[in-house]
Amino acid sequence: MLKIKDLTLIRGQIIILNKINLEIGKNEIHTLLGVNGVGKSSLAYCIMGCSGYEIKEGKIYFEGKDITKFSLSQRAKLGITLAWQESARFEGITIEDYLSLSRKNGNDSLEEILNKVALNPKLYLNREVNEELSGGERKRVELASVYAMRPKMAILDEPDSGIDMLSLKKIRDYILSLKERGSSVFLITHREEITEISDKISLICNGDIVKSGNPNKVRDYFKRRCGKTCNLRKKLK
Ligand SMILES: Nc1ncnc2c1ncn2[C@@H]1O[C@H](COP(=O)(O)OP(=O)(O)O)[C@@H](O)[C@H]1O
Ligand SMILES: [Mg+2]
């Protein structure tokens, strides 16, 4: 579905991503696991084609097509979407408007969509997506909008971060429901507890994919080997 080939990202003298090779299969939950500061969000921005993350070394293919030079909006049109680690605000737009704009299939009710992220539709549909919502509430709205979009590929950057009181089980159920609806999921996290639903895990350390494959094996390796100091040694160009 999505194939990343020898992707390298350099900032100044520092190698943020070092020849990343990854394949995310169709309808697969592929987890990118790694401690803070190792390059996970940077990889998400490269896949999405965010400004400042244009690919100079390496290639990205989506459904067999070379999308390396595609803009963010071209990639979005192909069905790739990203739920940001820090959710955005949209002044003047209600949650109802926002989800209606995202909704791909009119048969999904907005109530069902909000229930997926444990927000009570009666209390939230008319609220604005502004700073009056807490960070956790905005994050849930963003996850709801990804659900509504039915993307081919959903990149979830730390979907559990900042989500107050939303249980791990709810997050896992939410991710599984994306898969059930036909999406491939690239799940980015530093918490191994959330990775149990993965079909495959890739472990990133200091800009390198150090292991990729069987979820249990990679998780065990992470637990044994990746302490908090794992990311402290920066690689220089
Ligand atoms: N715009 C930038 N300029 C310079 N360094 C950056 C920039 N963005 C991120 N970094 C550095 O890149 C590394 C990886 O960051 P990031 O991708 O956010 O990691 P993660 O998501 O795994 O926590 C960090 O060391 C961070 O300080
Ligand atoms: Mg990050």
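Biologist: Where does Ala118 lie?
Modeller: In the loop between α4 (110–116) and α5 (121–124). Keep in mind that this is a predicted model.
Biologist: What about the phi of Ala118?
Modeller: Ala118 has a positive phi, about 60°, and is not a glycine.
Biologist: Why does Ala118 count as partly exposed?
Modeller: Because Ala118 has 17 C-beta neighbours inside 10 Å. Buried would take 20 or more, exposed 12 or fewer.
Biologist: And Glu158, where is that?
Modeller: Glu158 sits in the loop between β9 and α7 (168–180). Glu158 is not a glycine either, and its phi is positive, near 50°.
Biologist: Is Glu158 buried or exposed?
Modeller: Buried, because 22 other C-beta atoms lie within 10 Å.
Biologist: Back to β9. How many bridges join β6 to β9?
Modeller: Four, and the two strands run parallel. Strand β9 covers residues 153–157. Its Met153 stands opposite Ile80.
Biologist: Which residues of β6 are buried on each side?
Modeller: Ile80 and Leu82 are buried on one side, Thr81 and Ala83 on the other. Both faces of β6 (residues 80–83) are covered.
Biologist: New topic. Which residues are around ligand 1?
Modeller: Arg11, Ile16, Gly34, Asn36, Gly37, Val38, Gly39, Lys40, Ser41 and Ser42.
Biologist: Which helix gives the largest share of that shell?
Modeller: Helix α1 (residues 40–48), with three residues.
Biologist: How many are nonpolar, polar and charged?
Modeller: The shell around ligand 1 has two nonpolar, six polar and two charged residues.

Notes: Residues numbered from 1 in each chain as written. Chains lettered and ligands numbered in written order. Predicted model: local features only at pLDDT ≥ 70, side-chain atom pairs only at ≥ 80, totals over all residues. Pairing = 2+ DSSP bridges. Near = placed C-beta within 6 Å. Nonpolar A, V, L, I, M, F, W, Y, C, P; charged D, E, K, R; others polar.
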